[in-house]
Amino acid sequence: MTSAALPTVPLAPGQAAWRRFRRHRLALAGAVIILLLILGSAFGPYLLPFDDTYIDIMKRFAPPFSGAHILGTDELGRDVLARLMMGGRVSLSIGIVAMVIAMAVGIAVGAFAGFYGGVVGAVLMRLVDAVLCFPTIFLLLALAALTEPGPVTTTVLIAATAWMAVARVVEAQVRSLREREFAVAALAFGSSNLRIMFRELVPNAIAPIVVAATLNVAKAILLESYVSYLGYGIQPPAASWGNMLNNAQIYLTSAPWLAIAPGLAITLAVTSFNFLGDGLRDALDPRMNIP
Amino acid sequence: MARYVANRLAQAIMLLVIVSAIGFAILHLAPGGPLSQFAASAQMTQEDLDRVTKQLGLDRSLPIQYLDWFGRMLRGDWGRSYRDGEAVLSVISSHLGATLELMTTATIIAVLLGCWIGVLGALRRYSLFDTLATVGAMIALSIPTFWFGLVTIYVFSVKLGWLPSGNRQTVGDGSLLDLLHHLIAPALVLALVETAMWGRFMRSAMLEVINQDYIRTARAKGMPEWRILTVHALRNALLPMITVAGLQFPTLLGGALVAETVFTWPGMGRLFLDSIGYRDYPVVMGILMFSATMVLIGSFLADIFYAVVDPRIRVG
């Protein structure tokens, strides 16, 4: 396309963002893959003749692409593809729900700290710094070991170890937006502090928040896979991408497909969310263009 | 400078207090709290439990208990392992060497490789190399480290038989070559994520620098390109990497834990998982507090070091 063919009318911000996002082919691919993974996990199990927890000891360790089981069977003769899809439901839901909780906490802490500043802000942000001192995986495992394992606990614990980055982003945004004319105008109108914070300031910081949220899902999926792999997350017989790798190391020599399928699923999902986040960052705020 | 250091030190100490409060809170979150080891034993009657509660001072108010616990932490009394009664600090220090060995090797690989990739990517921005490096880094950051470890074991130990599948050395063989042979796989697996991070940060730091006026001035003076790169650009681009090193430390420590679990590396991460398995809370808490303190000291040192090499920081 030559420069003469470029539109001269300025685009609406949303349109311009969509144009920039479209150019980011990997982000687009990421979005498509995420959609496929979600659809596959949601509806795939209805299309398969096998149940994810059905044990068929006679057919254990069937290799992939040999007969009825497309991705083979595991040490108990369960269909790997069925488990992969059911595991996808669990892993993706945990990733997304943990993100929502982490965002809620992070936005609340960041907004209060950034808006009030002073002692309140300092105390809240030092708390953020202190939690960040603990390596995430150590903190998550220690908490997981002290509590009853299960999907709800795992989700809450992942959120508890992932909200700090969001709080930092929101705090910085709110602190700088607070001084802008529209915020001062809202104050002059007599709006309450809460209203200014969550109706005026936070919506104006939506671009970095959306980016942080996307990257947060990627992080949450990774964390879930790790705790479940170690046996402190989702408990069998329920499948998750992490706990499918539980026994994979033992059967690495005889049945390597048990390790490959769930690992690829995790990598695919996490990579897609990371590329999506990257593309959204380029699209929503060109000034934030950090490579 | 002295004022800057004092200021940073005060901040670090304040953080340490908050960190310890979080640690104390987690300790009391344990089922049965600090008493859980006794409560699990069937021979303990309620009377015994009450007596132990009094002995350990658990009937006192929480703030007093916290101060007492924090004081003992500062004096180096971190409690004893439930497993063998050994002092927690000595259990940790006996496993620390293996972890540091792994972390140092991985860091050296990551810094050299990452900086090289980052600099080259910045100099040839949007070239094929840069695109591949950027995409590759994103994928490297997305691969679960433990799974990458499993794949490495499968390819290099199971299929090719080149590398041992775990542990730090062959029993009975104490040679350096044997140690290095065992170190390769876990160090490379740990270095993958680190290399990707260093590459990304180095690229952006370099891009920031090479468009500065002083680079153009140096070019205008007719200075040879390699000299501009090494003397002017690289020196300034490496400065923010000090902060990156500080920020990366928790990730590196967490990554070491993951690599250790897959490669049965006898370090702190492995100890942490074993202790969780045995419900050995004093050691679990000890490692948690120890790693947080290490991170704190690491970021403090990074701040100070940055101020030493870049005088602009001290004033601001």
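**Loops, fold and chain contact in a predicted two-chain model**

Thr264(B) is found in the loop between α10 and α11 of chain B. In this predicted model, the phi of Thr264(B) is near 40 degrees, a positive value in a residue other than glycine. Thr264(B) has 13 other C-beta atoms within 10 Å and is therefore partly exposed. A second residue of chain B, Tyr126(B), has a positive phi of about 65 degrees although it is not a glycine. Tyr126(B) lies in the loop between α5 (88–123) and α6 of chain B. With 9 other C-beta atoms within 10 Å, Tyr126(B) is exposed, since the cut-off for an exposed residue is 12 or fewer.

In chain A, the peptide bond from Pro236(A) to Pro237(A) is cis, with omega near 10 degrees. Pro237(A) is placed in the loop between α10 (206–229) and α11 (257–284) of chain A. These backbone features stand out because most residues other than glycine have a negative phi, and most peptide bonds are trans.

The fold of chain B consists of 13 helices and 0 strands. Its C-alpha atoms fill a box of roughly 85 × 60 × 35 Å along the principal axes. Chain B has 316 residues, and 36% of them count as buried. Of the contacts in chain B between residues at least 6 apart in sequence, 70% join residues at least 24 apart.

The two chains touch each other: 43 residues of chain B are in contact with 41 residues of chain A. On the side of chain B that touches chain A, at least two residues each come from α1 (2–29), α6 (128–142), α7 (145–159), α8 (176–210), α10, α11 (268–277) and α12 (281–309) of chain B. By class, this side of chain B has 36 nonpolar, 5 polar and 2 charged residues.

Helix α5 (residues 136–146) of chain A and helix α10 (residues 225–262) of chain B have axes that come within 7 Å and cross at roughly 60 degrees. Because of this angle, α5(A) is oblique to α10(B). Thr136(A), Ile137(A) and Phe138(A) are the residues of α5(A) that meet Gly254(B), Leu257(B) and Val258(B) of α10(B). The contact of α5(A) with α10(B) has 4 nonpolar, 2 polar and no charged residues.

Notes
Residues are numbered from 1 along each chain as its sequence is written. Chains are lettered from A and ligands numbered from 1 in the order in which they are written. This is a predicted model: local features need pLDDT of at least 70, side-chain atom pairs count only at pLDDT 80 or more; totals for chains, interfaces and linings use all residues. Axes are lines fitted to C-alpha atoms, for helices over the stretch in contact, and angles run from 0 to 180 degrees between N-to-C directions. Helices (H or I, at least four residues) and strands (E, at least two) are DSSP runs, numbered from the N terminus. Angles under 35 degrees count as roughly parallel, over 145 as roughly antiparallel, 65 to 115 as roughly perpendicular and the rest as oblique. Two residues are in contact if their C-beta atoms, placed from the backbone, lie within 7 Å. Ala, Val, Leu, Ile, Met, Phe, Trp, Tyr, Cys and Pro count as nonpolar, Asp, Glu, Lys and Arg as charged, and the others, Gly among them, as polar. A residue is buried if 20 or more other C-beta atoms lie within 10 Å of its own, exposed if 12 or fewer, and partly exposed in between; C-beta atoms are placed from the backbone.
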